[in-house]
Amino acid sequence: MNPLSRKAIMKVLANDGVSQTGIDALENAGFEVITTKVAQEQLANYINSENIDVVLVRSATTVRKEVIDACPNLKIIGRGGVGMDNIDVAYAREKGLHVINTPAASSASVAELVFAHLYGGVRFLYTSNRDMPLDGDAKFKDLKKAYAKGVELRGKTLGVIGFGRIGQETAKIALGCGMKVIASDPFMESATVEVPFFDGQSVSITIDTISKEEVLSQADFVTLHVPAQKEYVIGKDEFSMMKDGAGIVNAARGGVIDEVALIDALDNGKLAFAGLDVFENEPKPAIKVLMHPQVSLTPHIGAATGEAQDRIGTELADQIKSILA
C-alpha cells in the first residue's frame with residue numbers, strides 16, 4: 001500500500017523547478033508536487049495558505065529565518081545542488097526542520113563546464129567566435145595568424161583549490177586529459193581519485209594536498225571549488241603568486257574572486273584568460289567583467305544539464321520519501 005494513502009496527501013513546492021524524474025518519483029510515492037513559481041516576498045504566505053510540507057529551491061529562492069518562523073508546519077527544506085548559503089540551515093535544524101541537498105548530483109556537470117572554459121581559453125574560442133562572423137570572409141588569414149598561438153592542456157598543471165566532490169570530479173577529467181593535478185584543501189591531507197573509462201576499467205591516483213600558495217605558484221591553470229566565503233579566496237596578492245600567462249576558472253560561488261583584481265591581472269598581462277560561471281553581483285554582474293575580451297562567461301549554469309537535473313530530482317525525491325513516508 002502506498003505509505004501516504006491513509007493520511008492527507010503531503011505537498012511539495014518546487015519553487016525553482018525540479019526535473020520530471022523527480023516529479024514522477026514523488027507523485028508515484030503519493031506526494032503532490034507544485035511547480036508554481038512563487039515570488040520571494042509571497043513565499044511564506046503561499047506555504048501557509050497551501051499547506052506546503054516541503055519546499056525545494058535552487059539558487060534563486062532564499063529560505064531565511066523569517067520564512068522559517070512564519071511557516072511552523074513546514075517539514076523539509078531541500079536545495080537542488082551543493083551550496084546551501086541561500087538557506088539558514090542551522091536555524092532551520094534548530095527549529096526541527098530537515099534540511100537536505102544533493103552534493104554529488106551535479107559534480108560531473110560542473111567539472112565539464114570548467115573544461116569548456118579551459119579549452120575555450122587556450123584556443124581563443126571566446127573572441128574567435130565573435131571575430132569570424134564579422135571578418136571571417138575578408139580577413140581569414142589575419143585571424144588565422146592572430147589565433148595561431150594556442151596551447152595544449154596535456155602536460156600542463158591544473159591547480160584545484162577546494163578538493164571536495166566537484167574538485168575531485170574536475171581532477172578526473174584533468175588526469176584523463178594528461179594533466180598533472182595539484183590541490184589545496186584545508187580539510188583534507190589527501191584524496192584518492194578514481195578515473196573511470198568507458199569499458200568499466202579505472203585508474204586510481206592518490207593526490208596529496210599542498211598549500212594554496214604552492215598551488216598558485218605551480219599551476220598553469222587554477223580552478224576554484226570552494227563554498228561562499230566572507231573574504232576573497234583569490235585577490236590581488238594571490239594573483240601575484242600565479243604564473244605569468246596563467247588562466248583561472250570560477251564555477252563555484254560568486255565573491256570568492258576579487259573581480260577588480262581579476263580585471264587588473266588580465267589587463268596587465270599577468271593572466272591570459274578567466275572563465276566565470278558565477279559573479280560577485282548576481283544577477284547583475286559588473287559591466288567590466290561582462291565586456292572584457294579575455295573573460296569567458298556563462299550565466300551560473302554549472303549544474304544545468306539534463307543528466308544533473310535528473311540526478312538532483314531523483315536524489316531529492318529519495319530523501320523526501322525516506323524522511324516523510
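Here is a short chat about a predicted model and some of its helices and cores.

Visitor: How many residues does helix α8 have, and how far does it reach?
Guide: Helix α8 covers residues 165–176, so to speak twelve residues, and reaches 17 Å from first C-alpha to last, close to the 16 Å expected.

Visitor: What follows α8?
Guide: Gly178 does, and its phi is positive, near 85°.

Visitor: New topic: which residues touch the most other members in the largest nonpolar core?
Guide: That core has 27 residues, and the ones touching the most other members are Ile161, Ile234, Phe239, Ile248, Ile257, Leu262 and Leu271.

Visitor: Which element gives the most to this core?
Guide: That is α11, with five residues.

Visitor: What is Ile257 in contact with?
Guide: Leaving aside neighbours within four places in sequence, the contacts of Ile257 include Leu224, Tyr232, Asn250, Leu276 and Glu280. Apart from this core lies another, of 25 residues, among them Val114, Ile166, Met179 and Val195.

Visitor: Last one: where is Asp318, and why does it count as partly exposed?
Guide: Asp318 is found in helix α13, residues 306–324.

Definitions and conventions: Residues numbered from 1 in each chain as written. Predicted model: local features only at pLDDT ≥ 70, side-chain atom pairs only at ≥ 80, totals over all residues. Heavy atoms only, no water. Helix = DSSP H or I, 4+ residues; strand = E, 2+ residues; numbered from the N terminus. Expected span 1.5 Å × (residues − 1). Core = buried A, V, L, I, M, F, W, Y, C linked by side-chain atoms within 4.5 Å. Buried < 20%, exposed > 50% of the residue type's maximum accessible area, 1.4 Å probe, protein only. Contact = heavy atoms within 4.5 Å.
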